[in-house]
Amino acid sequence: MSATAAADPLLAAPLGDGEVLQLFLDGGWAPAADGASFASEDPSTGMPWASVAEAGPVDVDRAVQAARRAFEGAWGSVNAADRARILWRTAELVDRHRDALAQLESRDNGKAIRETRAEIAGVVRCFEFFAGVCQGVRGATLPRTGPAFVYTLREPVGVVGAITPWNSPLVMFAWKVCPALAGGNAIVVKPAEQTSVSALALAGLMRELELPAGTVNVLPGLGPRAGAALAEHPGVDKIAFTGSTAVGRELAATAAQTLKLVTFELGGKSANIVFGDADLDAAVDRSAFGIFSAAGQSCQAASRMLVERSVKEEFVSRLIAKAESIRVGGALDVRTQMGAQVSKRQLEQIERYVALGVEEGAQLCTGGVRPGLEGELAGGFFYTPTVFDQAENTMRICREEIFGPVTAVMSFEDEQEALALANDSDYGLSGAVWTSDVKRAHRVAAGLRCGMVWVNSYRTWSPITPFGGYKQSGYGRENGVEVMEHYTQTKSVWVDMQDRIPDWYAS
């Protein structure tokens, strides 16, 4: 571990022997049962900067048992008002340490500090929102059914296993932990092995709260070991996963063996539809943000640009200029507008897709190379903002999720063709429509087969708004009050009001 990581006050508590960041398990820090650990790389330099304990099946079992004890014991008796207080205090802690958390996130993830600062602000809002949701989760009194009084209760699911991705680590941590705690559940979080540091730091902050041991557990580890063990464990009642569609399929099959509840937020290949009457300045600027923010590592990325033929040439020209103006650089440099890819593996996957795009006949307009930065950034996992034109919806760069700063532009003639192209995808996470015609905006929004649509905007979110997709983009929703349907379950209670219950078998 670097001196910087070891000296950070947020990481002081998790340090164990040999300066390995430990697991957060049953209210305290613990090494992996078998002593395993792995290196976390700084994507801006390509060099290891932290060493993290690697959880295995034994650690998962310990964490699930701790979560079960908390759920059936001290945490299970905490009322909604006190759960709300804990969530609100967590928001205050995150807010107080927001800059340090952003620094950790950028160091571990490679995302530009301007982006991680905005994301940490979103994490604060998430904990605040679910503090309010806690006391709004309630049952209902049903219409009288004969001589009985019937009502429903909303009760926690139990022990939640959450598997979070590397592209927005703390945001995804909040999206799982907030509704789990709001609903009265205990949770075991397995963060992505590439980006586990910030989740451990936040777990350390949460130790300041009146949170019973085992309520929240954080187990960094590899998917095939820790993630699979969590999905298989009979003591886990629900799996909440954000990640690739391929892994989602595997987890669904595993969870089905014990009939766990599951929610999946998976891949996307979103269509960004630009009509000829759109404000092109705004469309270009925000569309560029839609694909190049987070270095393109977003399930919502605007990776398919559908542009009306009458304005396509001008749109592409402006988009190229915007892409070429973006400053690619080190994550902690405040001047950086786009940071690195999370890993060498991810960088090489992007390069393979760009080569495929050229091979399939799309026109590479700009980008398509590593930027060749110097000094300590020379070994970083950087890629230039990349724009393809003359793409066809049958090409792999238009069918498969690249998860990088690569977009493909296609043309269309009319509204009907635009919708046909947009919906011709295995995915259905998000989409956007750019037009000055309000009627068209509503028609297209209604016609898009996806879970989220932006009109004259792109890639915005709020904890109050449901987030999730159709088709192979997953099922279930994150955020909003709707998410509580997935973290609680309904119990019907019948109270017979008769003085004397009829004897069905009387002679």
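# Cysteines, buried sites and charged pairs

Cys-126 has a relative accessible area of 0%, so this residue counts as buried. That value, like everything else in this report, comes from a predicted model.

## Cysteines

How many disulfides does a search of the whole structure find? The search finds 0. For Cys-126, the nearest cysteine sulfur belongs to Cys-178 and lies 4.0 Å away, and Cys-126 is in no disulfide. Cys-365 is in no disulfide either, and the sulfur of Cys-398, the nearest cysteine sulfur, is 13 Å away. With a relative accessible area of 22%, Cys-365 is partly exposed.

## Buried residues and their neighbours

Let us turn to some buried sites. Ser-287 belongs to helix 11, which covers residues 280-292, and its relative accessible area of 0% makes this serine buried. The Ser-287 side chain reaches the backbone oxygen of Ala-283 at 2.5 Å. Beyond the neighbours within four places in sequence, Ser-287 is in contact with Asn-272, Ala-302, Met-305, Phe-315 and Trp-434.

Pro-169 sits in helix 7 (residues 169-182) and is buried at 6% relative accessibility. If residues up to four places away in sequence are set aside, Pro-169 touches Glu-105, Asn-109, Thr-195 and Ser-198. Cys-134 is 35 residues from Pro-169 in sequence, and their C-alpha atoms are 23 Å apart in space.

Lys-111, Ser-168 and Val-171 are what Glu-119 touches once residues up to four places away in sequence are left out.

Ala-362 has its place in the loop between helix 13 (344-360) and strand 13 (363-366). Is Ala-362 buried or exposed? At 9% relative accessibility, Ala-362 is buried. Its contacts, apart from neighbours within four places in sequence, are Gly-357, Phe-388, Asp-389, Gln-390, Ala-391, Met-395 and Ile-397. Gln-489, by contrast, is 127 residues from Ala-362 in sequence and 49 Å from it in space, C-alpha to C-alpha.

## Positive phi angles

Most residues other than glycine have a negative phi. Ala-294 has a positive phi, near 60°. This alanine is found in the loop between helix 11 and strand 12 (304-308) and counts as buried at 4% relative accessibility. Arg-459 is not a glycine, yet its phi is positive at about 55°. Arg-459 lies in the loop between strand 18 (452-455) and strand 19 (470-471), and this arginine is buried, with a relative accessible area of 14%.

## Salt bridges

Side chains of opposite charge can pair when their charged atoms come close. Across the whole structure, 29 salt bridges are found.

One of them joins Arg-62 to Asp-59, with the closest N and O atoms 3.3 Å apart. Both residues lie in helix 3 (residues 57-72), where they are 3 residues apart, about one turn of the helix. Another salt bridge pairs the side chains of Glu-400 and Arg-396 at 2.9 Å, N to O.

Glu-413 and Arg-309 also meet through their side chains in a salt bridge, at 2.4 Å from N to O. Glu-413 lies in the loop between strand 15 (406-412) and helix 15 (415-423) and Arg-309 in helix 12 (residues 309-325), so this pair ties together parts that are 104 residues apart in sequence.

Here is how the members of these pairs are covered:

| Residue | Relative accessibility | Class |
|---|---|---|
| Arg-62 | 34% | partly exposed |
| Asp-59 | 2% | buried |
| Glu-413 | 47% | partly exposed |
| Arg-309 | 43% | partly exposed |
| Glu-400 | 25% | partly exposed |
| Arg-396 | 35% | partly exposed |

Elsewhere, a network of salt bridges links Asp-277, Glu-415, Arg-440 and Arg-443.

## A nonpolar surface patch

Which residues form a nonpolar patch on the surface? They are Phe-149, Val-495 and Met-497, and together they have about 250 Å² of accessible area. Val-495 is part of strand 21 (residues 488-496) and counts as partly exposed at 32% relative accessibility.

Terms used. Residues are numbered from 1 along each chain as its sequence is written. This is a predicted model: local features need pLDDT of at least 70, side-chain atom pairs count only at pLDDT 80 or more; totals for chains, interfaces and linings use all residues. Side-chain values use heavy atoms; hydrogens and water are left out. Patches are made of residues with over 30% relative accessible area and no salt bridge: like charges are joined within 9 Å, nonpolar side chains (Val, Leu, Ile, Met, Phe, Trp, Tyr) within 5 Å. Accessible areas come from the Shrake-Rupley method with a 1.4 Å probe; for residues, only the protein chains shown count as cover. A salt bridge is a side-chain nitrogen of Lys or Arg within 4 Å of a carboxyl oxygen of Asp or Glu. Helices (H or I, at least four residues) and strands (E, at least two) are DSSP runs, numbered from the N terminus. Buried means under 20% relative accessible area, exposed over 50%, partly exposed in between (1.4 Å probe, protein chains only). A disulfide is a pair of cysteine sulfur atoms within 2.5 Å. A polar contact is a pair of N or O atoms within 3.5 Å; within protein, one must be able to donate a hydrogen and the other to accept it, and residues adjacent in sequence count only if both atoms are side-chain atoms. Contact means heavy atoms within 4.5 Å.
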